[in-house]
Amino acid sequence: MLEQMGIAAKAASYKLALLSSREKNRVLEKIADELEAQTESILSANALDVAQARENGLSEAMLDRLALTPARLKSIADDVRQVCNLADPVGQVIDGGLLDSGLRLERRRVPLGVIGVIYEARPNVTVDVASLCLKTGNAAILRGGKETYRTNAATVRVIQQALKACGLPEAAVQAIDSPDRALVNEMLRMDKYIDMLIPRGGAGLHKLCREHATIPVITGGIGVCHIYVDDSAEIAPALKIIVNAKTQRPSTCNTVETLLVHQDIAERFLPALSQQMAQSGVTLHADPVALALLNAGPANVVAVKEQEYDDEFLSLDLNVKIVTDLDDAIAHIREHGTQHSDAILTRTLRNADRFVNEVDSSAVYVNASTRFTDGGQFGLGAEVAVSTQKLHARGPMGLEALTTYKWIGIGDDTIRA
């Protein structure tokens, strides 16, 4: 089954690579319109997925990721329209010039070919990946989690109907609709057909892909994100940022999970933090020093477990640790971070510069929420993933991250001397 999908996807990718920007935008507009026109069928499928996931004991954080609403689906369709408005990188000449030999050389952006994406309970990923791949002339093979297979199947049917209506092969976007995990292992070895693989899920999925894939893998999306409150930080603005980073949507990978507080500000800052976290319904997981300062406050406080520094809560839980200085904060982030998104709250330019230069994450912020690490917020349109590795793409992966380039040499009967 997968080999036939691969053959069809590869054939579709050759046709997509020849489309003009106008033709690609036309199919994207059709997809957005059809998503809205068929809202009822998609939401019905999603309701069945959510009900079964709840019966199976899926966490509230994962249920939130899984659930679609009319407003969320409308937002997803609008994201597709936003991709239409973005500049098409395909065909762009990156650089080049006339060589001494007389050969005119240029480096031109081209599609990657076929993109494979493995993801868990995130039905919006289906549309995000499809729209970005189509805009860049790539075909896509999608494997969502078993929790979303009805939603994904319904969504892909809508996308394929739009492709067919625009005279394009339906195989340009395909989904593996079987929950059989053996198919994941088979997909990892489809290097004859899939040009790049993107796993969007937990650490176990990333480890599986890195160890078994014969396809280039882009890893990311695991966000053990930190905010360091420097001794020069102003309390009220700092609390506003922390509340946003923790509570705006706790189940996302750019949500802060650990708060590092300079020891010189702790006695003034932690009581105010406790008041704010109590209002926001956040449970604090505190180290021994922070625990002693927080126990008298209104927030729910428990002793932090060492392993929690390495985990994503994806819920209204927040680690709090007292650090001696900036060096101590950076050392903690280097040991426990996932190179996703980390922030410093400070009024000291030197400390801000040091943090930016010494914290090796894909996104680093000064006096801003980690929640900005998102393709839409960065002006990239819908993202296919947030890469935390260093090769090819890093941070939110928009259109350019789904292209490669080829060298083109144009001569006048030119030969090498």
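**Cavities and helix packing**

Guide: By class, the lining of the largest cavity has 6 nonpolar, 4 polar and 3 charged residues, where Ala, Val, Leu, Ile, Met, Phe, Trp, Tyr, Cys and Pro count as nonpolar, Asp, Glu, Lys and Arg as charged, and the others, Gly among them, as polar. This is a predicted model, in which local features need pLDDT of at least 70 and side-chain atom pairs pLDDT 80 or more, while totals for chains, interfaces and linings use all residues. Residues are numbered from 1 along each chain, and side-chain values use heavy atoms, without hydrogens or water.

Visitor: What volume does the largest cavity have, and which residues are closest to its centre?

Guide: The volume is about 70 Å³, and of the 13 lining residues, G144, Y149, N152, I176 and D177 are the closest to the centre. Strand β4 (139-143) and helix α7 (149-165) are the elements that give two or more residues to that lining. A cavity is a set of 1 Å grid points where a 1.4 Å probe fits but cannot get out, with lining residues having an atom within 4 Å of a point.

Visitor: How many cavities of 30 Å³ or more are there?

Guide: The structure holds 2 of them, and the second largest cavity has about 30 Å³ of space. Its lining consists of I198, P199, R200, I218, T219, G220, G221, A385, V386 and S387, which divide into 5 nonpolar, 4 polar and 1 charged.

Visitor: Which element gives the largest share of that lining?

Guide: That is β6, with 3 residues, although β6 (196-200) and β14 (386-387) each supply at least two.

Visitor: Switching to helices, at what angle do α2 and α6 pack?

Guide: Helix α2 (residues 21-37) and helix α6 (residues 123-135) pack at about 160°, with their axes 9 Å apart. That makes α2 roughly antiparallel to α6, a label for angles over 145 degrees. The contact (heavy atoms within 4.5 Å) is made by K24, N25, L28, I31 and L35 of α2 with V127, S131, L134 and K135 of α6, and these divide into 5 nonpolar, 2 polar and 2 charged.

Visitor: And how far apart are the axes of α10 and α11?

Guide: They are 10 Å apart, with α10 (residues 235-247) and α11 (residues 266-280) packing at an angle of about 40°. The two helices are therefore oblique to each other. I235, A238, L239, I242, V243 and T247 in α10 meet R268, F269, A272, L273, Q276, M277 and S280 in α11, a contact with 9 nonpolar, 3 polar and 1 charged residues.

Methods:
Axes are lines fitted to C-alpha atoms, for helices over the stretch in contact, and angles run from 0 to 180 degrees between N-to-C directions. Helices (H or I, at least four residues) and strands (E, at least two) are DSSP runs, numbered from the N terminus. Angles under 35 degrees count as roughly parallel, over 145 as roughly antiparallel, 65 to 115 as roughly perpendicular and the rest as oblique. On a 1 Å grid over the protein atoms alone, a cavity is a set of points where a 1.4 Å probe fits but cannot get out, and a pocket is an open set with protein on both sides within 12 Å along at least five of seven lines; lining residues have an atom within 4 Å of a point. Grid points are joined across faces, edges and corners, and a volume is the space filled by probe spheres set on the points.
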